[in-house]
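Work through the two exercises below with the sequence and the model in view. Each task is followed by its solution.

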Amino acid sequence: MQYFGIPTCPYCRKRVNLIRTWKLKREGEYKCPRCGGISNVYLSPLVYVFSVIAICAGVCIYFFHKFVLDDIGLFTCLYVLIPFVLFFILSLFTVYLKKPVIKRVQRPAQEKRRPAAQRRGAERGADDAFSEMDTGRYMDEGR
């Protein structure tokens, strides 16, 4: 599995545009325009590593300018923002697409073994129970 790179459709292997990838980070599904395949959108675990590195780099740059160089100015803010801009650009490459897993639900073994006549009778009994339910009409008549 590819955790870093340009995301590709798992069905036709078409690469996704980076501008579209920026929107994909917030969505849960991707529909390929070429083949029409639907895939789930995931973020790589590397995105957390990159975020911690960006935060630590920003803090280190700030403390370096504050205590070593002893100058805080407009350019210090720009220097602190550089790791976060790099993180934003690198996060575009941490999106990957995967085919959805469809789980099949099996019926319980008891229902399979019952004859069809018994199943029809059980269904009919459930319908009768709903027809005899008290709807609350009699509560209003007493007033």
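The model is predicted, so local features need pLDDT of at least 70 and side-chain atom pairs count only at pLDDT 80 or more, while totals for chains, interfaces and linings use all residues. Residues are numbered from 1 along each chain as its sequence is written, and side-chain values use heavy atoms, without hydrogens and water.

**Exercise 1.** Describe the aromatic pair of phenylalanine 63 and phenylalanine 67.

Step 1. Rings of Phe, Tyr and Trp (its six-membered ring) pair if their centres lie within 6.5 Å; planes under 30 degrees apart count as stacked, over 60 as edge-to-face and the rest as tilted.

Step 2. The search of the whole structure gives four aromatic pairs.

Step 3. Phenylalanine 63 and phenylalanine 67 are about one helical turn apart, because they lie four residues apart in helix H2 (residues 46–68). Helices (H or I, at least four residues) and strands (E, at least two) are DSSP runs, numbered from the N terminus.

**Exercise 2.** Which residues stand opposite asparagine 40?

Step 1. Two strands pair if DSSP finds at least two bridges between them.

Step 2. Strand E2 (residues 38–43) pairs with strand E1 (residues 29–31) in the antiparallel sense over three bridges; here glutamate 29 is opposite asparagine 40.

Step 3. E2 also pairs with strand E3 (residues 95–98), antiparallel over four bridges, and lysine 98 in E3 is opposite asparagine 40.
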